Amino acid sequence: MSRRRLWTAQLEADALAIVVGLAAAHLAFCVLVWLYGESPWAMSRELFVGTWGTPYGAGQVLFKATPLFFTGLAVHVALRAGLFNVGVEGQLAVASLAVGALGAHLPLHVHAVVAWPLLFAVAMGSGALWSLLPAVLRSRFGTHEVITTILMNRLAGVAVNVALGVGLAEAGSVRTPDVVLGAHLPRLSTLFPPLRGSAVSFAAPIAVATVIVVVVLLPRTRYGREAVLVAANPVACAAERIPVGRRLLESLVISGALAGLASLGTVLGYKGYYEQGLGAGAGVTGIAVAMLGRGRIVGMLVAALLFGMLAQGGLVLNAHVPMEVMEVLQAVVVLAVALGDGAVRRQVMEALRSVAVRAEARV
Amino acid sequence: MLAQTLRASVPYVLAAQGGVWSERSGVVNVALEGTMLVGGLVSVAVALTTGSLAAGIAAAALSGALVGLVHVCAVELGRVDGIVSGLAINLAAAGGTRVLLRAWYGSSSNSPSLAGGSSASTGLALLGRALVDPMTLVMLVVVIATPFVLQRTRLGLRVRGCGESPEVLRAAGVSVSRTRAIAVAVGCALAALGGAALALEQRQFQSGMSGGRGFIALAAVVLAGWRPGRATLACAAFAILDAVQVVLQGQARALEGLLQALPYLATLVALVVFVRRQTSGGAPAALGRAERTS
Amino acid sequence: MAVLCAVDVEKRFGSCVAVSGASLRVEPGRIHAVVGENGAGKSTLLRVMAGQLAPDHGHVEIDGKRLAPHTAAEAIARGVGMVAQHFQLIDALTVLENAILGVEPIGAFGVVDVAAAEAKLEGVLKDLGVRLDVRALVRELGVGDRQRLEIARVLYRDAQVVILDEPTAVLTPREATQLYETLHRLADGGRAVVVVTHKLDEVATHARAVTVLRRGRVIASREIGDVPRDEELRRLTQDVMGDAEPAPTRRARPARGEPLLELRDVERKPQLRAISLSVHAGEILGVAGVEGSGQGELVRVLAGLLVPASGRVVAKAAISVLHGDRHAEGLVLDASLQDNLLLGELAHYVRGGLLRASRMEAEASARLARSGAVPRELDLPAQALSGGNQQKLVVERAMSRAAKILVLAHPTRGVDVGAARAIHAKILEAASQGVAILVFGADLDELRALCDRIVVLARGTIVGEVPADADNERIGALMLTEAAS
C-alpha cells in the first residue's frame, strides 16, 4: 500500500466521520423538532434561511462561530496530547475579563498597532495562566485534568464575580468600562457592506487564520510530534528520553492560551466591554467542535460553523423550539462522532494489518 | 452546624459511592454531575405527579440506572472513551433537564414546589428533620452496604476484578460487559439518588442545581483512592465546607466570594496534598484503559 | 482413551493463518509436549483447545464429546484448564480471590463462602505440595509462587487436563526442575499435562509424548522414551527446525579494547545491590537473569532513567539502549514506523524551530531497509507489523544511533529463528566494529552463542561470572546463590 493510498484512506475515514456527525446532528434536530410538534422540514428550512439565507444571518453565524474556532482548536491541541481540557470555559472567562479590564485602562489615544498585540498577548497569557495549575498537577503528579479543569471553571466564575465587585467593574454596573477606541476590532461590515448589522468582526478571519496556522505547523514542530507520541505510549517515550511531563504541561498551557483568544471576538469585536456570562458556552461547544472536526482544518472550520449556525438558528427558531434543545443536540453530535470514530478506526486498522501480513507472506 | 453538614453530605456521599461503584469496575464516570440533575428532575416530577415521595425516589434511581446503561453501552460496545461519553451525558443532561422543565412546567429554571415537609430551619429541629429524612436513611444504607458488597460478595469481587484486569476475567469465563453494566447502572442510580436528595430537600428542582457537586464527588473518590469508606470521609469534609457557607451566608460580604470559592479551592488543595504518587494513587489498574483488540 | 483432542483445527487472524489442519490427541497420566519455534502456532492451537479461541474450522473434543458451546467457561467446566504464558493474575487481589474468580462458592445474597473456598484451596495446595498464604496479596508473590498459584487455580476448578504455555520461560533452571516435579506428580495422579515449549532438552527429559508444529501445521506426533535421550534430542531438533542451518560460528575473540563502560558498586535498594562490571570495546558481555533478578532496573539505570542511590556508572561513550518489552517500552504501536524509528531523536532534525521532514524520512527509510522488516511502508502504524518485524525495528533503532556502547535486553524476544539469526549477526558485526555490547537475557543458549563472557544476575546482584562455554547447570547454580546481604 503506497503512501498516497494510506493518506487517502485516513482522509476518507475522517471525512466519513464528519459526514456522520453532520447527519446525526440533522437527524437529532429533526427528531427533537418533531417532538415539539413542528414540521422538521419547515424548521430545517427556516433554520437555513435564518442563518445562511441572508448576509446578516451569515454574518451572525460567523460571529457565533468565531470563539468556537478558537475553543475548538484549544480542545484539539490538548486532545492530541491525550488530555481533556474541559476548562476552556473558565480560561476564556478569565481572559475576557483581563482583556476587557486592560482594554479599558489603556491610554485613551493608543493606536491599534500597539493595543492589539498587547491585548492578544494578555488574552493568551491569562488563558494560559488559568490552565497552568491543572497543567502542573497533571504533568508532575498525574492528577487527572478533567477534575482539575472543571474545578478551575467553577473557580473562574467566582473569581470573575469577585473581581468585578472589587473594582474592575464600572461604578454602578456589573461590567468593565468600555475599552479605548484603539482596542476595538472593527466589524467585518467595514470591508463587506452586505454584512452590516451583524456582529462579526475581524476576529473571525484572525480565528480562521489561527486554526490554519496551528494545524499546519504543529506536526512540523518537535513539540507537536512528541505530544502525540506521548499520548499514545508515555512509557515508551520516557524510555527514549522524551520529556513526557513537559509535553503534557506545554499542551495544556498552549490550549489555555488558545482558549483565551476566544475572548477577542466578543469583548473587542462586539461589546467593547466584559460582563459576566459574555461568551459562556463556547468552551463546552468547543469540545464538540474538536470532536467533530477531527483535527482537520476543514473539519474544524465546518464544525465551528455548524455550531455557530445552530446557535444563531436557536435564536431564530426560539418561538417554535426552545434554545436548550441545541445543547442536547451538541451532546448527540459528540456521541455520534465518538461512536463512528471507534468503528471506523477499527476498520482502518484491520485493513492495514492485512496489508502488512500479505506483504510479509510474499517475502 | 451538625445538621447542616448532615443535610449537605447526603448528595455528595451518594454520588461518590456511585462513582466508586462505576470506577472500581474500570469505567470512568465523569457523568455523575449530569446524572444528579436527571435524578433530581425525575424525583420531583414523579413526586408531583403521583403525590408519593417514595415513587419519586424509586423513579430517580431507575432513571439513573438507565443513564448508566447508556454510558456503559457507549463505552463497552461502542468503544467510546469513557470521558467523552461522560461529558456528552453531562451536556445532554444539562440541556435535557432544561428542555423538560420548560416542556412540563413552562419555566426553564424551576419546577413547582412539592407540598409538605417540615419548615424547621435551625438547631435541633433541623437536625431532627435531617435524621428523619428518608434520603439520609438511604445514604446510611448505601454507605454500609457498598464496602460490604464490594469486598464480600461474588458480584463485588467480579467488579473489582473487572477494574483491575478485564482480560483475566474474560479468560475465567466471566462476562466483563455484564459485570460493568451492573456496576455502572448501580453507580449512576446512586448518583441519581444523590440528585434526588438534593431536589427533595429543596422541595423543587432548579436547573443546574447540582452546582458542581458531581465533580467534587468524583474528586472525593480520587482523593480516597477509590475506597468507599474514605470517600465518605472526604465527602463529609466537603459537606462541612458547604455547611460553613450556609451558616456564614450573608454575614460578611467581603468573605462571600471566598466562601463560594472554598469548596473548589479546598478540592484543588486536597488533590495536591493528598496525591499518592505510587501506583497512580490507587486507581483500579484498568480504569479508562482502552483494550487492544489484537 | 484421549481425554482431549483437536480435530482438524484451523484458526485465522485476519488473513494470517496461524494454525491449519491441526489434529492432536492428549492422553491422561502423562506429560505431553507441544513444540515448535516462535510463531509456529503452538499457543494458538492450545488456546483453541482450551476454549479461549474459537476455531474457524474443525472442532475440539473432551472425553470424546464435542466442546460446544466453544467457550473458555465451558472448557473449564468440563475439566480443561490452561496456564497462560503471561500470568493471568490480579495483583490487587488476594491469592484466594484470584483462585476462585469465576467459580466463587456463594451463600445467601451472593456473599462469598470464604470458609469453603479456603478449605478447598488449601486442599489443592497440599496435593500440589505447595505452600502459599491464601490471604496474601498476589502483588507480594514472586514469580515461582505466582506460577504455582496459576496451577492451583486450574486445579481448583477440578481440571483433568492441565495445559501450560511456556512455563519455564521465566524460571531459573532449578525452579524449572521443581516445576517438572510438580507436573510429574499431577500426571502420576491420573491427570493429563500438556506443556507448550520451545526448550527441547526439557521435552527429551520429561515428556512421554510430543507433537511438533511448524508454520501452523502438525508435522510429527509420537511417543518418547524408546530411544536414548541424545538421539531423541537430535530428532526433535530436526523436526522443529526442518533443514537446520548451522548456527553462525562465533568469531574469534578479538583483542579487547579499553573498557568503555564500567559500573562500580551501583546500588539502588532493594532491587540492585553492589553491581560492578565492565565492558570493553569489541566485547559482548552477557547478563543472565530471569524476571525479578533486577534486570529491568539495571537496564534502566544504564539508560539513565533510574538514578542509583550510590555507586558510579562510568561511560566513555554514548549508550544506546534496547529495552526488554517492545510493546510497553519500545514502540508506540499507534504511531507510524517512521515515528518509531526516530523515537526520541527529533532534536537532531530541528532547524529554525521546524522539523526537516525530508531528512527524517531519508534516515527512517535507511533504518527500515537495514532492519529487514517487512513491509517497507514508513507510514504504516507499528501495530500493523508482526511481533518479529517489530522487534527488528527496535533492534535497528538501538543500533543505528552510532553509540559505542550498546545495551540490549532480550534482543530476540518473540522472534522466529531466521530473524533471530539475522539479529545475532548484526550484534556480532557491531562488536567487530569495536562497539562494547551488553546483552541481557534469560535464554542461556542465546547468551552462550553470542557472548564472550557471561555474568549472572540474581536477586539484584552479580553473583558470579562464567566463560561462554559454561554449561547450564553451572549457570543455574549461580542463579540460586544466596547473595551476601
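**Local geometry, domains and chain contacts in a predicted assembly**

C:Asp158 has 14 C-beta neighbours inside 10 Å and therefore counts as partly exposed; by the rule applied, a residue is buried if 20 or more other C-beta atoms lie within 10 Å of its own, exposed if 12 or fewer, and partly exposed in between, with C-beta atoms placed from the backbone. The structure is a predicted model, in which local features need pLDDT of at least 70 and side-chain atom pairs count only at pLDDT 80 or more, whereas totals for chains, interfaces and linings use all residues. Residues are numbered from 1 along each chain as its sequence is written, while chains are lettered from A and ligands numbered from 1 in the order in which they are written.

The phi angle of C:Asp158 is near 55°, a positive value in a residue other than glycine. This residue is located in the loop between α5 (143-156) and β7 of chain C, where helices (H or I, at least four residues) and strands (E, at least two) are DSSP runs numbered from the N terminus. A positive phi, of about 60°, is also found at C:Phe109, again not a glycine. C:Phe109 belongs to the loop connecting α3 (95-100) and α4 (114-128) of chain C, and it counts as exposed because 11 C-beta neighbours lie inside 10 Å. The peptide bond between C:Ala68 and C:Pro69 is cis, with omega about 0°, and C:Pro69 is placed in the loop between β5 (65-66) and α2 of chain C. Most residues other than glycine have a negative phi, and most peptide bonds are trans.

Strand β7 (residues 161-165) of chain C runs parallel to strand β6 (residues 80-83) of chain C, to which four bridges join it; strands are taken to pair if DSSP finds at least two bridges between them. Within this pairing, C:Gly81 is opposite C:Val162 of β7(C). From β6(C), C:Val80 and C:Met82 point one way and C:Gly81 and C:Val83 the other way, all of them buried. Elsewhere in chain C, the loop between β8 (192-197) and α7 (200-206) contains C:Lys199, which is classed as partly exposed because it has 18 C-beta neighbours inside 10 Å. A distance of 29 Å, C-alpha to C-alpha, separates C:Lys199 from C:Leu272, 73 residues apart in sequence.

Chain C is assigned domain 1 (4-241), domain 2 (259-318 + 403-485) and domain 3 (334-397), the bounds coming from an automatic or database domain assignment. The C-alpha centres of domains 2 and 3 of chain C are 27 Å apart. Nine residues from domain 2 of chain C and six residues from domain 3 of chain C form the contact, two residues being in contact if their C-beta atoms, placed from the backbone, lie within 7 Å.

Chain A contains 14 helices and zero strands. The C-alpha trace of chain A spans about 80 × 55 × 35 Å along its principal axes. Of its 363 residues, 58% count as buried. The domain assignment divides chain A into domain 1 (1-38 + 326-363) and domain 2 (55-320). These domains of chain A meet through 15 residues of domain 1 and 15 residues of domain 2. On the domain 1 side, α14(A) gives the most, with seven residues.

Chains A and B are in contact through 32 residues from chain A and 37 residues from chain B. α14(A) also provides the largest share of the chain A side, 11 residues. That side comprises 23 nonpolar, six polar and three charged residues; Ala, Val, Leu, Ile, Met, Phe, Trp, Tyr, Cys and Pro count as nonpolar, Asp, Glu, Lys and Arg as charged, and the others, Gly among them, as polar. Between chains C and B, 18 residues of chain C are in contact with 16 residues of chain B. Helix α2 (residues 72-77) of chain C gives the most to the chain C side, with three residues. By class, the side of chain C that touches chain B has 11 nonpolar, five polar and two charged residues.
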